[in-house]
Structures are given as C-alpha cells and as structure tokens.
Amino acid sequence: QVQVVESGGGLVQPGGSLRLSCAASGRDLSINNMGWYRQAPGPQRELVADITSDGNPHYADSVKGRFTISRDNAKNTVYLQMNSLKPEDTAVYYCKVRGSRRYMAVADYWGQGTQVTVSS
C-alpha cells in the first residue's frame, strides 16, 4: 500500500510564512506528478500547485508569486513554501501523489491533510 504523510501546517499571522512537506512511501512505487490542494469549509477542493517528475511547476493564480513548490525525487517528497500568507489561504492542505506500483495502474494517492490557519 502507499502512504502519503503531510506535515508543517499551523497557525501563522498574515504576512507570515509556512513550509509544508509531504512524503510518499510504498513498495515498488513510481511517482509522476505531486501536488498540493486545499479545502476551506465547503465541498470544493482546489489545486494550489503541482509539479511534474522533471520539476516543472504549475500554480493557481491566487498563489503565484507567493508560493513555491519543489520536490526531492530521491526522498519521494514534495514541499510547498508559502510566503506572504493571507487569511484567505486558511484551509486544510492536502498532498496528492500520482503514481503506480509494479503491475498496477496509475492512481492518485492522498494524504490526510494538514490545517493552515492565517489569522492575527
């Protein structure tokens, strides 16, 4: 089975910074894209940023210039550096890993989520 574990959330004041980490593990796991999504109260989960296996990032317009996504392929880990945080960034942040295990189809694997609260 595949495990996806996030860390790094918390409470921060407006204008502050946080760094989220997400590590994926699993036997014979081959990872394609890795990404971060967030969900404020309500049903909609939105893409924040994702990154391809060769390091090409993509960002939601709302976070461009403030957030930076990166990954360490040797560690199967993706990071999200969040600067100039705003109250509207408050949400549960989820990591998604797209990959496959030997003899199995490509699938999306999700972490349990980490809370980010931006408030004074």
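Two strands count as paired if DSSP finds at least two bridges between them. Strands themselves are DSSP runs (E, at least two residues), as helices are (H or I, at least four), and both are numbered from the N terminus. Keep that in mind as you look at this predicted model, where local features need pLDDT of at least 70, side-chain atom pairs count only at pLDDT 80 or more, and totals for chains, interfaces and linings use all residues. Residues are numbered from 1 along each chain as its sequence is written, and side-chain values use heavy atoms, with hydrogens and water left out.

**A pair of strands**

- Let's start with β1, which covers residues 3-7, and β3, which covers residues 18-25: they pair in the antiparallel sense over five bridges.
- If you want a spot to look at, find Ser7, which stands opposite Ser21 in β3.
- Strand β1 has two faces: Val4 and Glu6 sit on the covered one, while Gln3, Val5 and Ser7 are on the uncovered one.

- Side chains of opposite charge can pair when their charged atoms come close.
- Here a salt bridge means a side-chain nitrogen of Lys or Arg within 4 Å of a carboxyl oxygen of Asp or Glu, and a search of the whole structure turns up seven of them.
- One of them joins Glu46 and Arg38, whose closest N and O atoms are 2.6 Å apart.
- Arg38 is buried, at 6% relative accessible area, whereas Glu46 is partly exposed at 35%; buried means under 20%, exposed over 50%, and partly exposed in between (1.4 Å probe, protein chains only).
- Arg38 and Glu46 also belong to a network of salt bridges that links them with Arg66 and Asp89.

**Salt bridges at Asp108**

- Asp108 forms a salt bridge with Lys96, at 3.7 Å from N to O.
- Lys96 is in strand β9 (residues 91-101) and Asp108 is in strand β10 (residues 107-110), so this pair ties together parts that are 12 residues apart in sequence.
- Lys96 is buried, with 13% relative accessible area, but Asp108 is partly exposed at 33%.
- Arg98 forms a salt bridge with Asp108 too, and here the closest N and O atoms are 2.6 Å apart.
- That pair links distant parts of the chain, with Arg98 in β9 and Asp108 in β10, 10 residues apart.
- As for Arg98, its relative accessibility is 35%, so this residue counts as partly exposed.
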